[in-house]
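These are my notebook entries on a structure that is new to me. I begin with one loop and then turn to a helix and the core.

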Amino acid sequence: MKTKDTGMALSNLPSSFSRREFIKYSSLAMAASTMPGVITGCAGFKPRQDCLAQLTANPGIRQKDAVFSSARIGSIQTRNRILRSATTLGLAEKDGRPKKELIDAYVELCEGGVGAIIAEVMGVQKNGRGSSTFSSLFYQDDYIQDYRRVTDQVHVFNTPVIAQIGHGGRQTRRAITGEATVAPSPITDPYYNEETPRELTELEIREIIQSFISTIERAQKAGFDGVQLHAAHGYLLSGFLSPATNERTDHWGGSTENRFRIIREIFQGARKKVGNYPILIKISAYDHQSDGLRVEESVHIAAMLQEAGCDAIEVSCGMAADGFSTIRVTEIPTEAVLAFSFRYKDSNPVVKTLLPVFAPLLVNRHEPLFNYNVCAAQEIRKQVSIPVIVVGGIRTLPDIEQIIGNKMADFVAMSRPFIIEPDIVNRFKTEKQQASSCINCGYCLLAIEQGETRCFYGEV
Ligand SMILES: Cc1cc2nc3c(=O)[nH]c(=O)nc-3n(C[C@H](O)[C@H](O)[C@H](O)COP(=O)(O)O)c2cc1C
């Protein structure tokens, strides 16, 4: 059954119904709850997590000094090895320019001791916003002055700030972009939802490459210390990399080299324009689709990235169709889904009643909840000499010390811990706290289209 059909059926539910109808609509609700988007399930692949035993096996090599001393990514000198991973804060104007409140939020992070800020993702094209995590844009030169105000203020604190740039690709909706969603190829995955994406033309791919290159130049002019390509989480560049979403049969699809081509061309074009300016990348080292990207292939991709002139690789995982895999949650947040999701918040009372009952039974809660990309990062780090950053469920100082001390990654990055405690790095440094207070409810992400990002601490 197609998602669209299910969606229509659900919105047409009667307000009172017979036993037979109850069974029918229960099944529909169950089917709907397995549909991707905000709520989805994907039994798929699980990567090995054996290496996590190292986090507890060698307490002797905890290295607090290494964590809190300055380190380098290309020409960027970080204050320490704990970075704020790109996190959309919903503090952009309608046209995607930064609000003053964004500067305030970054100042708070600087005062809180962060090693460097990776700014939230900014769309490289006007229609390049993705569904959940894009509110900012940087597709025109006249935005440079706006972002210059952001970087100037962050630099007062001697903190580097890296621009993250991306394109939503297939993970968006017409309501957001005003245009049909785009994808490396038509998507045949019956579990993926939002709207049926259409295939990019050769010309559009060329234009997108150019948009990435121009945005890198803009980021440099705006005073960002470096730029990070968002090639993770199923958005456009990630959509090219994963064999689950890239079904093209031309030179942009098929072999690893072909799926990597768009990224290679961005690096080649950008290097001619910006020289040694730091260009980092965030990738999903694996997804949970049955025919998706695996760590073994990502290790090759990492080597190709290094060869293409990449300055650092941030290792994340997943795509929207996986469900809660990139951003793992303690339990399936049905309350927040019903309250915030564009798909469910106006749904029929029957769905609202049934969803909380069935969703937890049907939707995968990916495990482990903590440090879930560390093993992938470790594998990648063995292959490259450029710095590797790991993100995903990192919550405690002892774990960070082990990750750095055991050389499983060169840097750690966190997102949600900075939403609840922007000064988490200072709390760790002064040992006021050994662990983040984040309860991994995931509500901050689900509420992202409601406005400013904040911590809900599990309460709608
Ligand atoms: C509210 C919110 C917004 C996010 N925005 C972005 C983003 O703009 N770019 C990005 O690459 N990842 C984004 N992420 C994902 C995080 O950077 C990170 O990869 C993920 O949350 C796992 O890390 P954590 O367990 O420390 O939260 C976002 C996550 C949240 C919760």
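**Entry 1: a loop with a proline.** I located Pro368 in the loop between helix H13 (349-362) and helix H14 (374-383). Helices here are DSSP runs of H or I with at least four residues and strands are E runs with at least two, numbered from the N terminus. The peptide bond from Glu367 to Pro368 is cis, its omega being near 0°.

**Entry 2: basis of the notes.** I note that the model is predicted: local features need pLDDT of at least 70, side-chain atom pairs count only at pLDDT 80 or more, and totals for chains, interfaces and linings use all residues. Residues are numbered from 1 along each chain as its sequence is written.

Entry 3: Asn158 sits in the loop between helix H6 (144-155) and strand E6 (161-166). I then looked up His233, also not a glycine, with a positive phi of about 65°; His233 belongs to the loop between E9 and H9. Which of the two terms, buried or exposed, applies to His233? His233 counts as buried, because it has 27 C-beta neighbours inside 10 Å. Asn158 is exposed, with 9 other C-beta atoms within 10 Å. The cut-offs are 20 or more other C-beta atoms within 10 Å for buried, 12 or fewer for exposed, and partly exposed in between, with C-beta atoms placed from the backbone.

**Entry 4: helix H10.** I traced H10 over residues 256-274, which is 19 residues. From first C-alpha to last, H10 reaches 26 Å, close to the 27 Å expected at 1.5 Å a residue; the expected span is 1.5 Å times one less than the number of residues. A kink of about 45° is centred on Ile262, the bend being the angle between axes fitted to the seven residues ending there and the seven starting there. The buried residues of H10 include Ile262, Ile266 and Phe267. Their cover includes H8, strand E9 (226-231) and helix H11 (295-308). Gly275 follows H10 and has a positive phi near 55°.

**Entry 5: the core.** I examined the largest nonpolar core, which has 126 residues; Ile165 and Ile313 are among those touching the most other members. Such a core is a set of buried Ala, Val, Leu, Ile, Met, Phe, Trp, Tyr and Cys residues joined through C-beta atoms within 7 Å. Helix H8 (residues 202-221) gives the most to this core, seven residues.

Technical notes: Contact = placed C-beta atoms within 7 Å.
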